[in-house]
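Please look at the sequence and the structure before reading on.

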Amino acid sequence: MNFHSLKTARRVIITIAASFFSAVALNMFIVPHKLLSGGVSGIALIIQYLTNLPAGIIILTLNIPLFLLSLKELDKEFTFLTIIGTISNSIFLIITRNVSKLYFAEDIILSCIYGGVINGAAIGIVFSNHGSLGGTDIISMYLRRKYNLELGKVSFSINLLIVSVGSIFFGIESGLYTLISMYIVSNVIDKMINGFSRKKMILVVTNREAEMIERIKTDLGRSSTLINAVGTYTKKEKKILYCVLSLSQVPKAKTIVQTVDPYAFMSILDASEILGEGFKKSI
C-alpha cells in the first residue's frame with residue numbers, strides 16, 4: 001500500500017468516526033428538545049418530527065443530487081469522502097436514534113451548547129480532512145473554493161433560511177434556540193479548520209536588521225525572514241523583518257524593536273493558521 005492509499009484510508013476512518021459523533025450530538029442533544037438543524041439535516045429533522053420517518057433515510061435520499069454537483073464541480077477525493085461521510089452519518093443517525101435514553105439534558109441551553117460544540121467539532125474535523133457530511137456542506141465547500149469564503153459563515157447563512165422555515169412548524173422559540181446551537185457549530189467549524197492557537201505576524205521596517213534578528217532569535221527563540229523593499233517616499237532601500245510569534249511573545253517583541261531601533265516601523269497582524277517548522281501541523 002503506497003503513501004497516498006494510507007493517507008486516504010486514514011481520512012476515511014476519521015470521517016466515519018466524526019460522522020458517528022455528529023449523529024450522537026444530534027440524537028442526544030438536539031432531537032430530544034425538538035430543536036432544528038441546518039441544511040439537509042434540518043430538512044430531514046423537520047420531516048422526522050412531522051412523520052416519524054428516520055432522518056438518516058431522508059438525508060441519504062436528499063443528498064443524491066448534491067453528490068452529482070460534487071462530482072461535477074469538486075474533486076474526486078472530496079466527493080468520495082463526502083459519500084462515505086453521508087452514508088455513515090445516515091446509518092449512525094438511525095442506530096443512535098434512542099441514545100437520549102442513556103443521557104438526557106433537561107436544560108435546553110446546555111443541549112444547545114454541547115450539541116453545537118460536538119457537532120461543529122465533528123464537521124470541522126471532516127472538512128479538515130478534505131471531506132464533508134454531505135448536505136449544504138457540499139455547497140459550502142463549492143462556494144469556499146470559488147469565492148474563498150469561510151465555511152462556517154457560509155453554512156450559517158444557508159441554514160438560517162432553513163431554520164426560518166422550520167420555525168413556522170415548531171414555533172419561533174424552537175428556531176431561536178436552534179440559532180444558538182448553529183452559531184456555536186459555525187464558530188467551532190472555523191476554529192477546527194483555522195486553528196485554536198492564536199498567533200501574531202509582525203512586520204518591522206528597520207535599518208538595524210542584523211541586531212534585531214539576533215535579539216529575536218536569542219530572546220524569543222524565533223527565526224525571521226528578511227524582505228528587500230524600497231521606501232516610496234525616500235526612495236531608499238529598506239529591510240522588512242517578517243516573523244510569526246505566539247500571543248505571549250508579542251510584548252517582548254515590542255520591547256526588542258523599540259530598544260534596538262526606536263525609529264522602526266512595526267505592524268502586528270493576526271495569523272490564524274500557521275503551518276511549518278516550529279509550529280503545530282493542522283488536523
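Two residues are in contact when heavy atoms of theirs lie within 4.5 Å. By that criterion, Leu60, Thr61 and Leu62 of helix H3 meet Ile64, Pro65 and Leu66 of helix H4. The model is a predicted one.

## Overall make-up

The protein has 11 helices and four strands. It contains 283 residues, and 46% of them count as buried. Its accessible surface comes to about 15400 Å². Carbon and sulfur atoms account for 63% of that surface.

Contacts in the protein can also be sorted by separation along the sequence. Among those with a separation of 6 or more, 72% are between residues 24 or more positions apart.

## Helix H3 against helix H4

Helix H3 covers residues 55–62, and helix H4 covers residues 64–73. Their axes are 4 Å apart, and the two helices pack at an angle of about 40°. Angles under 35 degrees would count as roughly parallel, and those of 65 to 115 as roughly perpendicular. H3 and H4 are therefore oblique to each other.

The contact already listed involves Leu60, Thr61 and Leu62 on the H3 side and Ile64, Pro65 and Leu66 on the H4 side. By class, five residues of this contact are nonpolar, one is polar and none is charged.

## Helix H3 against helix H5

Helix H3 also packs against helix H5, which spans residues 76–95. The axes of H3 and H5 come within 7 Å and cross at roughly 160°. Angles over 145 degrees count as roughly antiparallel, and H3 and H5 are therefore roughly antiparallel to each other. Their crossing is left-handed.

On the H3 side, the contact is made by Gly56, Ile57, Ile59 and Leu60. On the H5 side, Thr86, Ile87, Ser90, Leu93 and Ile94 take part. The contact of H3 with H5 has six nonpolar residues, three polar ones and no charged ones. Leu60 belongs to this contact and also to the contact of H3 with H4.

## Two buried threonines

Threonine 8 is in helix H1, which runs over residues 3–30. Its relative accessibility is 17%, so threonine 8 counts as buried. With neighbours within four places in sequence left aside, threonine 8 is in contact with Glu77 and Phe80.

Threonine 96 is in the loop between H5 and helix H6 (108–128). Is this residue buried or exposed? Threonine 96 has 8% relative accessibility and therefore counts as buried. Leaving out neighbours within four places in sequence, threonine 96 is in contact with Phe20, Ala23, Val24 and Asn27. Threonine 96 and asparagine 27 are 69 residues apart in sequence, but their C-alpha atoms are 6.7 Å apart in space.

## Serine 267 in strand E4

Serine 267 is part of strand E4, residues 265–271. Its relative accessibility is 23%, and serine 267 therefore counts as partly exposed.

Which residues does serine 267 touch, not counting residues up to four places away in sequence? They are Met201, Ile202 and Leu203. From C-alpha to C-alpha, serine 267 and isoleucine 202 are 5.6 Å apart, although 65 residues separate them in sequence.

Note on methods:
Residues are numbered from 1 along each chain as its sequence is written. This is a predicted model: local features need pLDDT of at least 70, side-chain atom pairs count only at pLDDT 80 or more; totals for chains, interfaces and linings use all residues. Side-chain values use heavy atoms; hydrogens and water are left out. Axes are lines fitted to C-alpha atoms, for helices over the stretch in contact, and angles run from 0 to 180 degrees between N-to-C directions. A crossing is left-handed if the near helix is turned anticlockwise from the far one by less than a right angle, and right-handed if clockwise. Ala, Val, Leu, Ile, Met, Phe, Trp, Tyr, Cys and Pro count as nonpolar, Asp, Glu, Lys and Arg as charged, and the others, Gly among them, as polar. Buried means under 20% relative accessible area, exposed over 50%, partly exposed in between (1.4 Å probe, protein chains only). Accessible areas come from the Shrake-Rupley method with a 1.4 Å probe; for residues, only the protein chains shown count as cover.
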